[in-house]
Amino acid sequence: MAVLVWVPELDTGIAEIDKQHKRIVDYINRLYELRTSHDRDALGEVIEEMLDYTVSHFVFEESLMENAGYMFSGPHKKVHELFTRRMSEMKARFDAGEDVAVELHGILSRWLFNHIRNEDHAYVDSAQAYLRMTQANDPRTEKERLKAELLQELEQRREKRGWFARVFG
């Protein structure tokens, strides 16, 4: 696997979701850069930040899907839960001293773009309709409200330290 390159067909058309996806790609690329490094501290930091940010992204995305009335939000959330569990296992292996960087990069590289193209693109129509409706009825858009809530939650998590660190630290 190599550095991931964002391509236009990955765009969902929902600016905040696309921005978050691109940030996850940046984390995966940082992981790629460090995969052969012997700097376990830097690698551990990237893994933890990436997992924390990804979980926050999932919360944002799931809230959007539920608010939009997307009929498959439950199964989509289950996919997120399974992925989070798998990543928690990888983090635990890393914390136990195992070198998982190359394996983790490969899993993330394949999973992310596949997930965006399939599961995420499936909810776009529902989410966009919902966002248009809320923007028409509310001067402060739902997107802005959700973004503000997410940023507040991220700040609170940073103050308390990441949940992976609390659980596995």
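Predicted model: local features only at pLDDT ≥ 70, side-chain atom pairs only at ≥ 80, totals over all residues.
1. An angle over 145 degrees between two axes counts as roughly antiparallel.

2. H2 and helix H3 (residues 73–95) have axes that come within 11 Å and cross at roughly 170 degrees. H2 and H3 are therefore roughly antiparallel to each other. Sorted by class, the H2 contact with H3 holds nine nonpolar, six polar and eight charged residues.

3. For helix H1 (residues 15–34) and helix H2 (residues 40–68), the axes cross at roughly 160 degrees and come within 10 Å. H1 and H2 are therefore also roughly antiparallel to each other. The crossing in which H1 passes H2 is left-handed.

4. On the H1 side, the contact with H2 is made by Glu16, Ile17, Gln20, His21, Arg23, Ile24, Tyr27, Ile28, Arg30, Leu31 and Leu34. H2 contributes Ala42, Leu43, Val46, Ile47, Glu49, Met50, Tyr53, Thr54, His57, Phe60, Glu61 and Leu64. By class, the residues of this contact of H1 with H2 are 14 nonpolar, four polar and five charged.

5. The largest cavity holds about 90 Å³ of space. Its lining has 14 residues, and those closest to its centre are Ile24, Thr54, Phe83, Trp111 and Leu112. H1, H2 and helix H4 (101–137) are the elements that give two or more residues to this lining. The lining of the largest cavity divides into nine nonpolar residues, four polar and one charged.

Conventions: Residues numbered from 1 in each chain as written. Heavy atoms only, no water. Axes fitted to C-alpha atoms, helices over the stretch in contact; angles between N-to-C directions. Helix = DSSP H or I, 4+ residues; strand = E, 2+ residues; numbered from the N terminus. Parallel < 35°, antiparallel > 145°, perpendicular 65-115°, else oblique. Left-handed = near helix turned anticlockwise from the far one by under 90°. Contact = heavy atoms within 4.5 Å. Nonpolar A, V, L, I, M, F, W, Y, C, P; charged D, E, K, R; others polar. 1 Å grid on protein atoms, 1.4 Å probe; cavity = no way out; pocket = protein on both sides within 12 Å on 5 of 7 lines; lining within 4 Å. Points joined across faces, edges and corners; volume = space filled by probe spheres on them.
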